[in-house]
Amino acid sequence: MGYLIWAAEGETSVNLTDPQWRALIYLASKHGFSAPHLRLEGEDETLEVDGSDAEGLRSALGKVLEAHDIEQIRTPDAELDYDTIQRVRHVLLSDGVRLARPRAWKAGE
């Protein structure tokens, strides 16, 4: 399944696997960000990320990048590369950020 984070304009988006999203939130929490309501469980579930959550997550991810001088950032569940974190931070700079767990694509759709 995975996660999709995108800006309202639809011009910037990032697809993340479940392990990547968990790693992203884990790393952000290690740098002061907490937003348990951003955990989406159901298929086709979507929510709008409010401005303070977007800014908090973007700031925490910036701290992650400053604290780790390696290309792969490891967590207990997964690895995140620098570019993935930067793409998520770029989306978080936009207005109207949304987070979703899109329905899994099936052949023939």
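Reader: What does Leu 38 touch, leaving out residues up to four places away in sequence?

Author: Leu 38 touches Tyr 3, Trp 21, Phe 33, Leu 47, Val 49, Asp 53 and Leu 99. Contact here means heavy atoms within 4.5 Å. This is a predicted model: local features need pLDDT of at least 70, side-chain atom pairs count only at pLDDT 80 or more, and totals for chains, interfaces and linings use all residues. Numbering starts from 1 along each chain as its sequence is written, and side-chain values use heavy atoms, without hydrogens or water.

Reader: How many residues are in the largest nonpolar core?

Author: That core has 28 residues. Those with the most contacts inside it are Trp 21, Leu 24, Leu 38, Leu 61, Leu 92 and Leu 99. A nonpolar core is a set of buried Ala, Val, Leu, Ile, Met, Phe, Trp, Tyr and Cys residues joined through side-chain atoms within 4.5 Å. Buried means under 20% relative accessible area, exposed over 50%, partly exposed in between (1.4 Å probe, protein chains only).

Reader: Which element gives the largest share of this core?

Author: H2, with six residues. Helices (H or I, at least four residues) and strands (E, at least two) are DSSP runs, numbered from the N terminus.

Reader: New topic. How many aromatic pairs are there?

Author: One. The ring centres of Tyr 3 and Trp 21 are 5.0 Å apart and the planes are at 25°, so the pair is stacked. Rings of Phe, Tyr and Trp (its six-membered ring) pair if their centres lie within 6.5 Å; planes under 30 degrees apart count as stacked, over 60 as edge-to-face and the rest as tilted.

Reader: Where do Tyr 3 and Trp 21 sit in the chain?

Author: Tyr 3 is in strand E1 and Trp 21 in helix H1, 18 residues apart.

Reader: Is Trp 21 buried or exposed?

Author: Trp 21 is buried, at 4% relative accessible area. Tyr 3 is buried too, at 6% relative accessibility.

Reader: And the sheet, what is its strand order?

Author: E2-E1-E6-E3, an open sheet of four strands with antiparallel pairing. Strands pair if DSSP finds at least two bridges between them. The edge strands are E2 (13–16) and E3 (45–48).

Reader: How many bridges join E3 and E6?

Author: Four, in the antiparallel sense. Glu 45 stands opposite Arg 101 in E6.

Reader: Which strands does H1 touch?

Author: H1 packs on the sheet and touches E1, E2 and E6.

Conventions: Axes fitted to C-alpha atoms, helices over the stretch in contact; angles between N-to-C directions.
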